[in-house]
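Here is a short note for a colleague opening this model. Please read the points with the structure in view.

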Amino acid sequence: MCDPVSATIAGLKVMTAVQEYRSAKAVAKGQKLANTQTRKSSDKAYLHDISKIDKDAVLATREKKAEDFRLSQEENAKKAEALNTNAGNGLKIMQDIGGGYDMQFLEVSKDFETDVLNLVSQESEAYGAQERRYNSIKPVTMPSKTGLYLQVATIGAEGWQKHKANTAPDITSTEGSQ
C-alpha cells in the first residue's frame, strides 16, 4: 500500500506543475495582448506621422504656387510700368526685369525642393521609428502541454519507484540463512 505522506507530496507536486502551467499560460496571454496593443499604437503613431508629413507637403506646394504667382504678378506689373513710361528699349527692359525675377523663381524652386527632400527624410525617420517599436516587441512563448505531461509523468514515476523500493523484499536480511 502507498504511504499517505508520499501520495500527498506527489499530489501537491502535480497540482503545483498544473498551476505553473496555468500561470505561464496567463502570462503569455497577457504578453500577447500587450504586443497587440503595442502594434496598434505603433501603427497609429506611424499613420499620424505620415499624415503630418503629407499635410506639410501640401502646405509647401501651396506656398510655392502662391509665391510663384506673386512673383509673376510683380514682374508683369514692373514690365507694364516700364513700358508705359516709355523708359527705353522695350526688349532690354523685359530682359532686365525678367532676369531678376528668374533668379527669384529659382530661389523659390530651390526652397521647395529642399522642403520636399526634408519631408522624404521625415518619412524615412517615421518608418524607422515604427520598425524600432515593432522590433522592441517581446516574442511570446506559450507554455507546453507536453512539458506539463512530462512533469506529471516524472512525478508519477518517482512515486512508483519509491513505492517499489519500499515494498521490495529485503534480500540482505540474515535471519533465515542459518
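1. Start with Gly-147. Gly-147 is partly exposed, at 29% relative accessible area (buried means under 20%, exposed over 50%, partly exposed in between, with a 1.4 Å probe and protein chains only). Gly-147 sits in helix α3, residues 145-167. Tyr-21 is 126 residues away in sequence, yet the two C-alpha atoms are 8.7 Å apart.

2. A word on the basis. This is a predicted model: local features need pLDDT of at least 70, side-chain atom pairs count only at pLDDT 80 or more, and totals for chains, interfaces and linings use all residues. Residues are numbered from 1 along each chain as its sequence is written, and side-chain values use heavy atoms, leaving out hydrogens and water.

3. The fold is helical. The protein chain has three helices and zero strands (DSSP runs numbered from the N terminus: helices are H or I, at least four residues; strands are E, at least two). Of its 178 residues, 15% count as buried. For contacts (heavy atoms within 4.5 Å) with a separation of 6 or more, 84% link residues 24 or more positions apart.

4. Now the salt bridges (a side-chain nitrogen of Lys or Arg within 4 Å of a carboxyl oxygen of Asp or Glu). The structure holds six. One of them joins Lys-64 and Asp-68 at 2.8 Å, N to O. Both lie in helix α1, residues 4-84. Asp-68 is buried, at 18%.

5. Look next at Arg-70. Arg-70 pairs with Glu-67 at 2.5 Å. Arg-70 also meets Glu-74 at 2.8 Å. Shared partners join Glu-67, Arg-70 and Glu-74 into one network.
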